[in-house]
Amino acid sequence: MKITHEMIAAEAGVSQSTVSKALRDSGEISDKTALRIRNIAEQMGYFKEKKARLRRTMEYLYPHVAVLVPEIIGWSYAIAVTSLQNRIEAIGGTVQIYLTKFDEARFSILVDRLNRESFADIILTFAAYTYTGRSRLPIGYMTGHSPEDPNCAFSVSADVAGGYEDAVRHLYKLGHRKIGFLGEENTTIKQQFFCDAMEKCGCRIRREWLIKTQSRFEQIGHDGVAAMCTLSAMPTALITAYDEAAFGAVRELRRRGFRVPEDISVVGCNDTHSAACMDPPLTTIRIHSEARTDAVVRLICAVLEGNPLSVEEKHLSLPAPLIIRESTCRPR
């Protein structure tokens, strides 16, 4: 039986227009009223019936994976999502992408909406947030995740902390002791990984060499190097939050008369396609791998088929190896 807005309105004691506003998340009614109407609609089977109708009227592909990602303009997210989409489509499924825009509230709203309205079979999130409600759809996390979270169907993460430790140890073995970090507001966790690695190696952390800019991508490198050049001393090596920042840093260092790597070594993160083609080729931490995509697709299929996962399978952490190229050498 088709559940209509008129039927929901009668049950809730409101007008059909109010029901319509509640079901499309309009800001014209209060959150309390909207939540009450949505709960009534759910109890009446409105969302379940809507999903079934959508599947009947559309060419439904299985599995349908809803992917929540902060952005797709950055190389790291773009290549990971593209790889995942290719693999899901290869097994007969489809992927739909939703942007969280580094906003925790937006992340929660999207998960709420997917649970209510979407005909997705599973949610896969690259956003570094935990859904605090109770999700009816299984959620796969592309970040390290707490085993106690009841919403977590599985998590597959890259050992980025280990990658930064390898980067610091590599520079330390070359003889570097004066190492700085360039990042931005969305990469605070990578700065913490860098600081942890410095402490493990016994390197002094100089706070003035921890640069967090308001800019993004290549501009991080330009702004970060410019800020460091105002200080009384420069580090002999820089580690960045991602490769684009390293590209900008190399250009700005050269513009200011520094040689890379002879004067200052530079390390990136993500191993973008351009990293190996840079002058000099960039030493960087490789996060994405086809093995990671393979693991995610295998786990999605296992969860949707109802196959139980071991603790080891449910929470995978894959290596993020350091790829050593020519942008690092012994300090002068």
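A cavity here is a set of points, on a 1 Å grid over the protein atoms alone, where a 1.4 Å probe fits but cannot get out. Grid points are joined across faces, edges and corners, and a volume is the space filled by probe spheres set on the points. The model is predicted: local features need pLDDT of at least 70, side-chain atom pairs count only at pLDDT 80 or more, and totals for chains, interfaces and linings use all residues. Residues are numbered from 1 along each chain as its sequence is written, and side-chain values use heavy atoms, with hydrogens and water left out.

Start with the cavity. Searching the whole structure turns up 1 cavity of 30 Å³ or more. The largest cavity holds about 50 Å³ of space. Its lining residues (an atom within 4 Å of a point) are Ala80, Leu84, Leu124, Phe126, Met142, His288, Arg292, Thr293 and Val296. Helices are DSSP runs of H or I of at least four residues, strands are E runs of at least two, and both are numbered from the N terminus. α5 (75-90) and α11 (290-304) each give at least two residues to this lining. The largest share, 3 residues, is from α11. By class, the lining has 6 nonpolar, 2 polar and 1 charged residues. Ala, Val, Leu, Ile, Met, Phe, Trp, Tyr, Cys and Pro count as nonpolar, Asp, Glu, Lys and Arg as charged, and the others, Gly among them, as polar.

Now the sheet. It is open, with 6 strands in the order β7-β6-β8-β9-β10-β12 and mixed pairing. Two strands pair if DSSP finds at least two bridges between them. β7 (210-213) and β12 (322-323) are the edge strands, each pairing on one side only. Inside the sheet, β9 (residues 265-269) and β10 (residues 283-285) run parallel, joined by 3 bridges. Gly268 has Thr284 of β10 as its bridge partner.

Helix α7 (residues 160-174) packs on this sheet. It touches β6 (179-184), β8 (237-240), β9, β10 and β12 (contact means heavy atoms within 4.5 Å). Its direction makes about 170° with that of β8. Axes are lines fitted to C-alpha atoms, for helices over the stretch in contact, and angles run from 0 to 180 degrees between N-to-C directions. Helix α8 (residues 188-200) lies across β6, β7, β8 and β9, at about 165° to β6.

Finally, a helix pair. α2 (residues 16-23) and α3 (residues 31-43) pack at about 90°, their axes 9 Å apart. The two are therefore roughly perpendicular (65 to 115 degrees). Thr18, Val19, Ala22 and Leu23 of α2 meet Thr33, Ala34, Ile37, Arg38 and Ala41 of α3.

Note on methods: Parallel < 35°, antiparallel > 145°, perpendicular 65-115°, else oblique. 1 Å grid on protein atoms, 1.4 Å probe; cavity = no way out; pocket = protein on both sides within 12 Å on 5 of 7 lines; lining within 4 Å.
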